[in-house]
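Please examine the sequence and the model together before reading on. The paragraphs below begin with one local feature and then widen to the chain as a whole.

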Amino acid sequence: MHPGQNPFHCQICGKSFTKNSHFMVHKRSHTGEKPFRCAICGKSFISNSNLTSHRIIHTGEKPFHCETCGKSFSNNSNLVVHVRRHTGEKAYHCELCEKSFITNGQLKAHQRIHCRESLFHCEVCGKSFFRNSQLTIHKRVHTGEKPYRCEICGKCFVFNAHLKSHNRLHTGENLFHCELCGKSFIKSSKLAIHQRIHTKPYCCEVCGKSFVSNNQLRTHSRIHTGEKPFCCEICGKAFVTNGNLTTHKRIHTGEKPFHCETCGKCFTSNDHLKTHKIVHTGEKAYRCEICGKYFVSKTNLIIHKRIHSGERPYYCEICGKSFVFSSNLTRHKRIHTGEKPYHCEICGKCFVSNSNLTTHKRIHTGQNLFHCEICGLSFIENSRLTIHIRSHTGEKPYCCEICGKSFVSNSNLTTHSRIHSGEKPYHCDICGKSFIKHSNVVIHKRAHTGEKPYHCEICGKSFSVNSSLVVHKRIHTGENPFHCEICGKSFVENSHLTIHKRAHTGEKPYHCDICDKSFSVSSSLLVHKRRHTGEKPYCCEICGKSFVNNSDLNRHERIHTGGKHYRCEVCEKSFVTNSLLKRHERVHTEGKPFH
């Protein structure tokens, strides 16, 4: 036979061979015939040489060793290919584009790109492939077959390469090392991606930010374009990445596929699980160079640094307010739109954020996950426990720069700061009145609606705010938990104790800007100012007479109704007001009243 002659031709695909034995083996790729069967696992092969190579999997024999790294292989051809990774040799060149490859098989598969030749077709979906091995792997998408199983944990894989990488999780073996920082990786692909951290070759033309991969750059570009190509079919919400959409869908399905092996808690995303695991390990690997504080994740460190720099990169287009977090801006916008996308399935109440809904659900379940080790009190949120602990330690880490007053929480400081700035960002859409806190608007609106959702279980009386109910219950229990250290007198509310203490100190912090008269309580100043302005907002519906305060109106109305609610225990005489009763009682105790 002359050199270059291939006398054996395949009539199906036109391929030629120098030996009849090679031609016979090739025919079996078309007929599907696999006459060589493994006696141990039953797997069949086209050629005896393939069967011989396969048997080594069962024996574990790897007689061919790499002299550079010591890695072993079951056949010599794999060793030859592997050695080229060390030498960088790519002996097979494409004549059309001059691209080079380590193996002849890789070159042939590449050449089909130029000729658009796809010899291997999937009978199920019609998809075509350059190589039979690619078709074999693709078919597993339809069959669900995962033939490569981990002997340690039982997990199965579509690719043998994936199994090999997975096994390194158990062995702790990291074969691929970064020469710049020394970090090691299980897979060469992960090393290649990591090495871009040092170079970041993909740059955004709009803002100049650099990225490790082209895929990351594409995703980032959508921030500038506003493009959100991945849309939820259930609620219509759109997302920048498919991964974010997948995680979002779990809100609707309730699926939480990521489980903590330590405490059993479940999460919608792997990132949330990783962050949670640090609660158990206590690991905080990221350190702030300015203040020395440590953080669980790099993202948290970046956000923390904005406290030092004062950077607030996220702006509301409606009111101009800026935020440290993108998520805070998203929640803030819902104040303008009124959107509350998170619904409680039990009571139907709606919430601005998912975290608020999760916290709310614990009211129905009675679940209090966070316990104070000092007093045993339980809380539905960890943040509330942190603030509560400061009541024991006396710590008030948030200080007002204007007046120096300190607060237990940052939210309290923010609310307090509005006293100085005069800002009242929360408005009643019924009467237009403005408030410092959102909770004050909610309570105020009940004055319009008449809603009183908090009920006393003993007497049935209802209240618009829970704090009023708590104070009211003390009438039944007789509890006065707030004690004056000077005279020992007890009070139902802490605010009453604060006002009482001023009787001892003589403090009158509320000043009239018209006559300079001072008062110990703000309500007294408010009533006093009406004497200057002549305002009498409380009007009798029967005779039309007006009064400065509500208590004067109540006393007046008893003239019309004849109501005398204050009775003398000695002679049972009744009076319209408590002051008249007390004056009368002096007749019994001292013989005559004081004039």
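Which residue takes a positive phi just after α11? In this predicted model, that residue is Gly-310, and its phi is about 75 degrees.

Helix α11 comprises the 12 residues 298–309, and at 1.5 Å a residue it should span 16 Å. Its end C-alpha atoms are 17 Å apart, which agrees with that expectation. Four residues of α11 are buried, namely Leu-301, Ile-303, His-304 and Arg-306. The cover over these buried residues includes three strands: β21 (286–287), β22 (294–295) and β23 (314–315).

In helix α10, which runs over residues 270–281, one finds His-276. Because the limit for a buried residue is under 20% relative accessible area, His-276 counts as buried with its relative accessibility of 13%. When residues up to four places away in sequence are set aside, His-276 touches Cys-260, Cys-263, Lys-265 and Phe-267.

Apart from neighbours within four places in sequence, the contacts of His-360 are with Cys-344, Cys-347, Lys-349 and Phe-351.

We now turn to the chain as a whole. It contains 21 helices and 42 strands. The radius of gyration is 39 Å, whereas the globule rule gives 25 Å for 595 residues; the former is well over the latter, so the chain is more spread out than a compact globule. Taken along the principal axes, the box filled by the C-alpha atoms is roughly 145 × 50 × 45 Å.

The contact pattern can be read alongside these dimensions. Among contacts between residues at least 6 apart in sequence, 1% join residues at least 24 apart. Of the 595 residues, 24% count as buried.

The surface and the charges complete the description. The chain exposes about 41,300 Å², of which carbon and sulfur atoms supply 51%. There are 90 positive and 46 negative side chains, and the centres of these two sets lie 3 Å apart.

Note on methods. Residues are numbered from 1 along each chain as its sequence is written. This is a predicted model: local features need pLDDT of at least 70, side-chain atom pairs count only at pLDDT 80 or more; totals for chains, interfaces and linings use all residues. Side-chain values use heavy atoms; hydrogens and water are left out. Helices (H or I, at least four residues) and strands (E, at least two) are DSSP runs, numbered from the N terminus. The expected span of a helix is 1.5 Å times one less than its number of residues. Buried means under 20% relative accessible area, exposed over 50%, partly exposed in between (1.4 Å probe, protein chains only). Contact means heavy atoms within 4.5 Å. The radius of gyration is taken over C-alpha atoms; the globule rule is 2.2 Å times the number of residues to the power 0.38. Accessible areas come from the Shrake-Rupley method with a 1.4 Å probe; for residues, only the protein chains shown count as cover. Lys and Arg count as positive and Asp and Glu as negative; His and the chain ends are not counted. The place of a charge is taken as NZ of Lys, CZ of Arg, CG of Asp or CD of Glu.
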